[in-house]
Amino acid sequence: MLTATNRLRVLCLKVTVIGTAAVVVMCCTTARAAVGDDEFSGTLAFDHVAHLVAMGPRPPGSDTLNLAQQYIVADLQSHGLTVREEDFVASTPRGSVPMTNIVAVCEGNEPGVLIIGTHYDTKLFDEFEFVGANDGTSGVGVLLELGRLLGGSRQGLSVWLVFFDGEEAIETWGPTDSLYGSREMVRRLVDTGEISSIRAMVLLDMIGDRYLTVQRDLGAPDWLVEAIRSAAVSLGNEQYFFQSAIGIQDDHIPFRGAGVPAIDLIDFMYGADSQEHYNTWHTQQDTLDKVSATSLEIVGRVTLLSIDKIESELFPEPPPIPEGMPTAGMLGLGLLAAACALGGTLVLRKGQPPSPQTTTPEVRQ
Ligand SMILES: [Zn+2]
């Protein structure tokens with residue numbers, strides 16, 4: 001059994017909160033009015049969380065995780081997304097464990113992919129039953145509701161909703177015992193060269209807490225932070241985001257290591273204060289009653305709107321043309337005529353994304 005000292009040590013190593021300002025804690029218990037079918041519903045996201053939590057603990061390789069996988073795949077397919085199940089065998093301190101990443105594709109009409117990810121395994125504990133209502137399930141609820149709204153196709157970038165297996169350490173967090181699913185996915189994307197098509201990644205983890213305080217990920221590029229912040233401001237939810245900062249290891253790290261701009265939206269202050277976090281995170285107290293439909297809705301709506309904001313950053317509008325200059329149409333026709341005269345093809349490309357900011361060293365186990 002984990003001792004209090006050990007758990008405190010893990011907590012201290014996992015997180016460094018920067019700045020002297022206290023974390024602003026907002027209690028998210030206010031019920032929302034009923035939403036339309038085309039709006040993100042915290043209630044529907046919560047229903048998914050409740051369904052998965054009722055299955056019991058879902059460590060990698062377990063029958064319950066397999067059931068969860070079937071539930072996730074069936075739900076996404078029912079909304080028209082194309083789903084890939086990427087099986088692999090992870091080498092863990094307890095031997096080989098079969099794992100599966102789930103990738104649901106909403107096909108865009110522009111080249112490039114935005115990944116929105118979460119993990120769907122729950123940490124293995126021998127000493128007690130760990131259902132991970134917040135840690136391992138809240139993100140799944142949000143992603144499934146995003147899947148309902150996105151459907152199978154969209155204008156703009158393709159969006160991949162990715163459900164990672166094996167985020168949690170089987171025994172002790174470390175480079176070879178953690179992030180099994182995300183490390184495997186990045187390895188494959190690098191092998192196939194597809195990694196260059198991944199334009200950005202937004203990871204959701206532990207975002208169902210009724211005291212919602214999403215910290216700013218210190219390693220994320222500024223433009224990606226601002227895209228999320230802008231979405232939160234647009235929705236009047238900025239008070240729940242980035243009131244403090246954190247350096248943390250999670251499933252976004254392998255992507256960042258491969259050059260993909262990535263941000264972790266994580267509320268690593270589970271409960272009202274650090275004492276409550278200590279009592280709840282990775283304990284049998286991480287149960288459904290700690291999760292709020294309103295928090296899921298806030299994070300879901302901000303994430304959904306951030307897709308547009310991220311696309312605006314990746315593909316900025318061209319600057320206005322000064323008076324007296326030929327119009328874009330005239331220029332385009334001229335270029336097209338020149339290209340045709342030379343027997344060539346003219347390809348107009350959208351702008352490149354901002355380069356990722358240098359990352360701050362991560363702190364964790
Ligand atoms: Zn965890």
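This is a predicted model: local features need pLDDT of at least 70, side-chain atom pairs count only at pLDDT 80 or more; totals for chains, interfaces and linings use all residues.

Biologist: What percentage of the residues count as buried?

Modeller: The chain has 365 residues, and 43% of them count as buried. As for contacts with a separation of 6 or more, 80% join residues 24 or more positions apart.

Biologist: Which residues touch the most other members of the largest nonpolar core?

Modeller: They are Leu 114, Val 159, Met 201, Ile 228 and Leu 265, in a core of 79 residues. Helix 9 supplies the largest share of this core, with 9 residues.

Biologist: What does Ile 228 touch?

Modeller: Leaving out residues up to four places away in sequence, Ile 228 touches Phe 241, Ile 263, Leu 265, Val 302 and Ser 306. There is also a second, separate core of 6 residues, and among them are Met 99, Leu 179, Tyr 180 and Ile 253.

Biologist: Let us return to helix 9. At what angle does helix 4 pack against helix 9?

Modeller: Helix 4, residues 138-150, and helix 9, residues 293-314, pack at about 50°, and their axes are 10 Å apart. The two helices are therefore oblique to each other. The crossing of helix 4 past helix 9 is right-handed.

Biologist: Which residues make that contact?

Modeller: Helix 4 contributes Ser 138, Gly 141, Val 142, Glu 145, Leu 146 and Leu 149, while helix 9 contributes Leu 296, Val 299, Gly 300, Thr 303 and Leu 304. By type, the residues in this contact of helix 4 with helix 9 are 6 nonpolar, 4 polar and 1 charged.

Biologist: And helix 2 with helix 9, at what angle do they pack?

Modeller: Helix 2, residues 42-53, packs with helix 9 at an angle of about 115°, with the axes 8 Å apart. Helix 2 and helix 9 are therefore roughly perpendicular to each other. Helix 2 also passes helix 9 in a right-handed crossing.

Biologist: Which residues meet there?

Modeller: From helix 2, Gly 42, Thr 43, Ala 45 and Phe 46 meet Ala 293, Thr 294, Leu 296, Glu 297 and Gly 300 of helix 9. The residues of this contact of helix 2 with helix 9 divide into 4 nonpolar, 4 polar and 1 charged.

Biologist: Changing topic: is Val 140 buried or exposed?

Modeller: Val 140 lies in helix 4. Val 140 is buried, because 28 other C-beta atoms lie within 10 Å, and the threshold for burial is 20 or more.

Biologist: What does Val 140 touch?

Modeller: Not counting residues up to four places away in sequence, Val 140 touches His 48, Leu 52, Ile 72, Thr 118, Tyr 120 and Phe 163. The C-alpha atoms of Val 140 and Asp 205 are separated by 8.9 Å, although the two are 65 residues apart along the chain.

Biologist: Why does Gly 152 count as partly exposed?

Modeller: Gly 152 counts as partly exposed because it has 15 C-beta neighbours inside 10 Å.

Biologist: Which residues does Gly 152 touch?

Modeller: Beyond four places away in sequence, Gly 152 touches Gly 80, Leu 81, Thr 82, Cys 106 and Glu 107. The C-alpha atoms of Gly 152 and His 79 are separated by 7.0 Å, and these residues are 73 residues apart along the chain.

Definitions and conventions. Residues are numbered from 1 along each chain as its sequence is written. Axes are lines fitted to C-alpha atoms, for helices over the stretch in contact, and angles run from 0 to 180 degrees between N-to-C directions. Helices (H or I, at least four residues) and strands (E, at least two) are DSSP runs, numbered from the N terminus. Angles under 35 degrees count as roughly parallel, over 145 as roughly antiparallel, 65 to 115 as roughly perpendicular and the rest as oblique. A crossing is left-handed if the near helix is turned anticlockwise from the far one by less than a right angle, and right-handed if clockwise. Two residues are in contact if their C-beta atoms, placed from the backbone, lie within 7 Å. Ala, Val, Leu, Ile, Met, Phe, Trp, Tyr, Cys and Pro count as nonpolar, Asp, Glu, Lys and Arg as charged, and the others, Gly among them, as polar. A nonpolar core is a set of buried Ala, Val, Leu, Ile, Met, Phe, Trp, Tyr and Cys residues joined through C-beta atoms within 7 Å. A residue is buried if 20 or more other C-beta atoms lie within 10 Å of its own, exposed if 12 or fewer, and partly exposed in between; C-beta atoms are placed from the backbone.
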